Amino acid sequence: MRGSARPVVIAGLVAALALAGGVSYFASSAPDGLDATTLRGCTLNDAGEIIGGTCMAQSAQDHEFGGGFLADYGINGIDGTVGIAGVIGVLLTFAVGLGIAWTIRRRRAHAALPSTPVGG
């Protein structure tokens, strides 16, 4: 007997929202491993800007969405919005996933319908 997946999906959504909206404020502001690796070999000033040396980060370019609404783990132009941006990201991701699942389910249901011959 197969149960409904709805309670599991709702529990997962609530957990993701809690993590994105609350726990994200406790995340470290220090560079992650990738950032630290790309800066290896360079000298930085107090603001974190490259002032000397040679490293991969010197050839980095701005991302085309770098100035976007949810760029850099926050809402563009508003400080302290890490959690809000996380909640928006979770909701957008959930909506896209729900839309894909709904489309697949609808196509499977349509394919399972018996076909009737034309004109008969």
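## The largest pocket

In this predicted model, the largest pocket has a volume of about 860 Å³. Its lining is made up of 25 residues, and those that lie nearest the centre of the pocket are Asp32, Asp35, Ala71, Asp72 and Tyr73. Two elements give two or more residues to this lining, namely helix H2, which spans 33–38, and helix H3, which spans 82–112. Of the elements, H3 gives the most to the lining of the largest pocket, with 3 residues. Sorted by class, the residues around the largest pocket comprise 12 nonpolar, 9 polar and 4 charged ones.

## The second largest pocket

The second largest pocket holds about 480 Å³ of space. It is lined by 12 residues, of which Ala5, Arg6, Val9, Leu98 and Arg105 are the closest to its centre. The elements that give two or more residues to the lining of this second pocket are helix H1 (6–21) and H3. Here too H3 gives the most, with 5 residues in the lining of the second largest pocket, as H3 also gives the most to the lining of the largest pocket. By class, the lining of the second largest pocket has 7 nonpolar residues, 2 polar residues and 3 charged residues.

## A nonpolar patch on the surface

A nonpolar patch on the surface is formed by Leu19, Val23, Tyr25, Phe26, Tyr73, Val82 and Ile84, which together have about 800 Å² of accessible area. Tyr73, a member of this patch, is also one of the residues that lie nearest the centre of the largest pocket.

Another member of the patch, Tyr25, is found in the loop between H1 and H2.

## Gly80 and Tyr25

Gly80 is found in the loop between strand E2, which covers 50–53, and H3. With a relative accessible area of 56%, Gly80 is over the 50% limit and is therefore exposed. Although Gly80 and Tyr25 are 55 residues apart along the chain, their C-alpha atoms are separated by 8.4 Å.

Gly33 is found in helix H2, an element that gives two or more residues to the lining of the largest pocket. Because its relative accessibility is 48%, Gly33 counts as partly exposed.

How values were computed: Residues are numbered from 1 along each chain as its sequence is written. This is a predicted model: local features need pLDDT of at least 70, side-chain atom pairs count only at pLDDT 80 or more; totals for chains, interfaces and linings use all residues. Side-chain values use heavy atoms; hydrogens and water are left out. On a 1 Å grid over the protein atoms alone, a cavity is a set of points where a 1.4 Å probe fits but cannot get out, and a pocket is an open set with protein on both sides within 12 Å along at least five of seven lines; lining residues have an atom within 4 Å of a point. Grid points are joined across faces, edges and corners, and a volume is the space filled by probe spheres set on the points. Helices (H or I, at least four residues) and strands (E, at least two) are DSSP runs, numbered from the N terminus. Ala, Val, Leu, Ile, Met, Phe, Trp, Tyr, Cys and Pro count as nonpolar, Asp, Glu, Lys and Arg as charged, and the others, Gly among them, as polar. Patches are made of residues with over 30% relative accessible area and no salt bridge: like charges are joined within 9 Å, nonpolar side chains (Val, Leu, Ile, Met, Phe, Trp, Tyr) within 5 Å. Accessible areas come from the Shrake-Rupley method with a 1.4 Å probe; for residues, only the protein chains shown count as cover. A salt bridge is a side-chain nitrogen of Lys or Arg within 4 Å of a carboxyl oxygen of Asp or Glu. Buried means under 20% relative accessible area, exposed over 50%, partly exposed in between (1.4 Å probe, protein chains only).
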